[in-house]
Amino acid sequence: MTSPSPLLTLPAAVPADPPDAGVAAHYGDPHGEQRRLAEERTGFVDLSHRGVLRVAGPDRLTWLHSFTSQHLESLKPGHAVEALILSPQGRIEHALYLIDDGEATWFHVEPGTAPEVLAFLDKMRFMMRVEPEDMTDRYAVVLTTGPVPEGVLARDVELGHELFLPRERLADFAKDGNAGEPAGMWAYEALRIAGHRPRVGLETDDRTIPHELDWIATADHPGAVHLNKGCYRGQETVARVDNLGHPPRRLVFLHLDGTPEHLPAHGTEVTTADGRAVGHVTSAARHYELGPVALALVKRTTPVDAQLLADGVPAAQEVVVAPETGANRRPAFRAAR
């Protein structure tokens, strides 16, 4: 577990709650922080509470390819991808946000999970020439819309660049005029939710499979699960759903009624208008433009035009994963933001 970020000493910083404890929820202006990131493309987000791991060694890409969901054996240096570690039953355990620098593969994971991921990697080493290491105490993740500092490894993402920044440089980075103004996790999460991007531990539980969350790669969608690769841990479930069946649940985006003051909490019930339980809220936030929004997992058979209630709050449904997903049919409703 890392210490609280030094950026919590910045003016107006308000600490975030778990699972994002240790960094700022906001710096006094959550909507303004969102707008700067989304529209003006200025500023940065402190993600230094996330875990950072590094795998060195000549066999690293072949090795990671063998047990993750992504096609990694020919990954080119500087190319950012996502991969999942699945259980033998195909349930999602971890999401890895990767990049290779030509000598080692780096990735970040959910806060507090780096030791668990490292223990799994060590268990999978066998006779391969690989050296997995937890780098969380030495490197911090920072999302920036500005230039990449010299000598810093970065993943290109939708909002800008995810930096693997040496921790001793974190405080100075925030003072750099090129970095812009800080934005907190409330802004980051609102944009993530509006972008329909799932997060392990929020959108997942102990039975979530990749098809439920739109994590399957297609020609127009760079997902975390590559369907044209060899066997890997959990692959049988992925293949069975993709070729023969449908996932039992599907991710939806909810436009919430703005009248109630509260946001539905993680895990609260989603029902139809007549009170029938169909799922649960996974994440919720106040978006600077869309108002209160949420992601939820609902039963696959829930009608796509059904009006829903999220913890009693009326919600209009926007489909992320279509009911017919699987059985060699790709999602037809995706609306990237």
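Start with helix α2: its buried residues pack against β4 (51-56), β6, β7 (104-109), α3 (114-123) and β8 (131-134). This is a predicted model. Now select residues 60-67, the helix itself. Of its 8 residues, 6 are buried, so α2 is largely enclosed by the rest of the structure. Show R60, L61, W63, L64, H65 and F67 to see the buried ones.

Next, select S69. This residue sits in the loop between α2 and β5. Is S69 buried or exposed? Its relative accessibility is 0%, so S69 counts as buried. Look at where its side chain goes. It reaches the backbone oxygen of A224 at 2.6 Å. The side chain of S69 also reaches the backbone nitrogen of L84, at 2.9 Å. Further along the sequence, S69 touches V225, H226, K229 and Y232, among others.

Follow that link to L84. Beyond its neighbours in sequence, L84 touches T68, S69, I92, H94, A95, P210, W215, A224 and V225.

Now widen the view to the largest nonpolar core. It holds 23 residues, and L84, I92 and W215 touch the most other members. Colour β5 (81-86), β6 (92-100), α5 (185-194), β13 (249-256) and β16 (291-299): each gives two or more residues to this core. Another core lies apart from it, with 22 residues, including L64, L75, L98 and L118.

Finish by colouring the chain by pLDDT. The mean is 94, and 97% of residues reach 70 or more. Then select residues 331-337, where pLDDT stays under 50. Where pLDDT is low, predicted coordinates should not be read in detail.

Notes:
Residues are numbered from 1 along each chain as its sequence is written. This is a predicted model: local features need pLDDT of at least 70, side-chain atom pairs count only at pLDDT 80 or more; totals for chains, interfaces and linings use all residues. Side-chain values use heavy atoms; hydrogens and water are left out. A nonpolar core is a set of buried Ala, Val, Leu, Ile, Met, Phe, Trp, Tyr and Cys residues joined through side-chain atoms within 4.5 Å. Buried means under 20% relative accessible area, exposed over 50%, partly exposed in between (1.4 Å probe, protein chains only). Helices (H or I, at least four residues) and strands (E, at least two) are DSSP runs, numbered from the N terminus. Contact means heavy atoms within 4.5 Å. pLDDT is the predictor's confidence in each residue, from 0 to 100. A polar contact is a pair of N or O atoms within 3.5 Å; within protein, one must be able to donate a hydrogen and the other to accept it, and residues adjacent in sequence count only if both atoms are side-chain atoms. Lists of a residue's contacts leave out its neighbours within four places in sequence.
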